[in-house]
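Dear colleague,

Please find the structure below, together with its sequence.

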Amino acid sequence: MLSRTLSRLTPTATPRLPAYLSQRSNSSNGSSSGSGNGAIGGGLERNRPRAAEDISTTRRRLQYQMRKRGILETDLLLSTFASEHLHALTLSELADLDSLLSHIDWDIFYWATNKTAPPESVEKMEVFQKLRTHAAKRGSSIVRMPDLEDTSRGDK
């Protein structure tokens, strides 16, 4: 009787990971990104094409993702960056920003504020260099979350 109960509880097939988790473990072989920065799996690659998404939709989505990260310091850094720069970013920079946002909040914050070295793939992004410059000029001033505004003014 006990063996019958245990056999019902024991899965017969290997559990499958969701696609986004299996991408992370496959792309990084289950280790960190190799730069000693503490990123688990090196972040997800979200540079996949979004065929139905126009540039204004991309900007609005990224603006929301930059405001609602979960860690206040990163929210403030990214939302003020979005307020000042998002409308002028090119398609390539928007794709890089989308990829950058797939990393862990604290990693993004520490990389942008030069507390830890970012992975080479992040270091090469033009948009990351703009974010780093933005973080440096913000200094230690008190910042508040900017009001939402239309980010589509720079559509090309």
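E84 is partly exposed, at a relative accessible area of 31%; buried means under 20% relative accessible area, exposed over 50% and partly exposed in between, with a 1.4 Å probe and protein chains only. The model is a predicted one, in which local features need pLDDT of at least 70 and side-chain atom pairs count only at pLDDT 80 or more, while totals for chains, interfaces and linings use all residues. Residues are numbered from 1 along each chain as its sequence is written, and side-chain values use heavy atoms, with hydrogens and water left out.

Salt bridges

E84 forms a salt bridge with K137, and the closest N and O atoms are 3.3 Å apart; the term denotes a side-chain nitrogen of Lys or Arg within 4 Å of a carboxyl oxygen of Asp or Glu. This pair links distant parts of the chain, since K137 belongs to helix α8 and E84 to helix α4 (residues 72–85), 53 residues apart. Helices here are DSSP runs of H or I with at least four residues, numbered from the N terminus. K137 itself counts as exposed, with 55% relative accessibility.

In the whole structure, six salt bridges were found. Another of them joins R132 to E123, with 3.1 Å between the closest N and O atoms. R132 counts as buried at 14% relative accessibility, whereas E123 is partly exposed at 31%. The side chains of R61 and E53 also meet in a salt bridge (2.9 Å, N to O), and R61 is buried, its relative accessible area being 16%. A network of salt bridges links E53, R61 and D98.

Helices α5 and α8

D98 is also among the buried residues of α5, which are E93, L94, L97, D98, S99 and L100. Their cover includes α3 (55–67), α6 (105–112), α7 (120–123) and α8, where contact means heavy atoms within 4.5 Å.

Helix α5 (residues 91–100) packs against helix α8 (residues 126–138) at an angle of about 70 degrees, and their axes are 8 Å apart. Axes are lines fitted to C-alpha atoms, for helices over the stretch in contact, and angles run from 0 to 180 degrees between N-to-C directions. The two helices, α5 and α8, are therefore roughly perpendicular to each other, a class that covers 65 to 115 degrees. On the α5 side, E93, D96, L97 and L100 meet E126, V127, F128, K130 and L131 of α8. The residues of this contact comprise five nonpolar, no polar and four charged.

Yours sincerely

How values were computed. Angles under 35 degrees count as roughly parallel, over 145 as roughly antiparallel, 65 to 115 as roughly perpendicular and the rest as oblique. Ala, Val, Leu, Ile, Met, Phe, Trp, Tyr, Cys and Pro count as nonpolar, Asp, Glu, Lys and Arg as charged, and the others, Gly among them, as polar.
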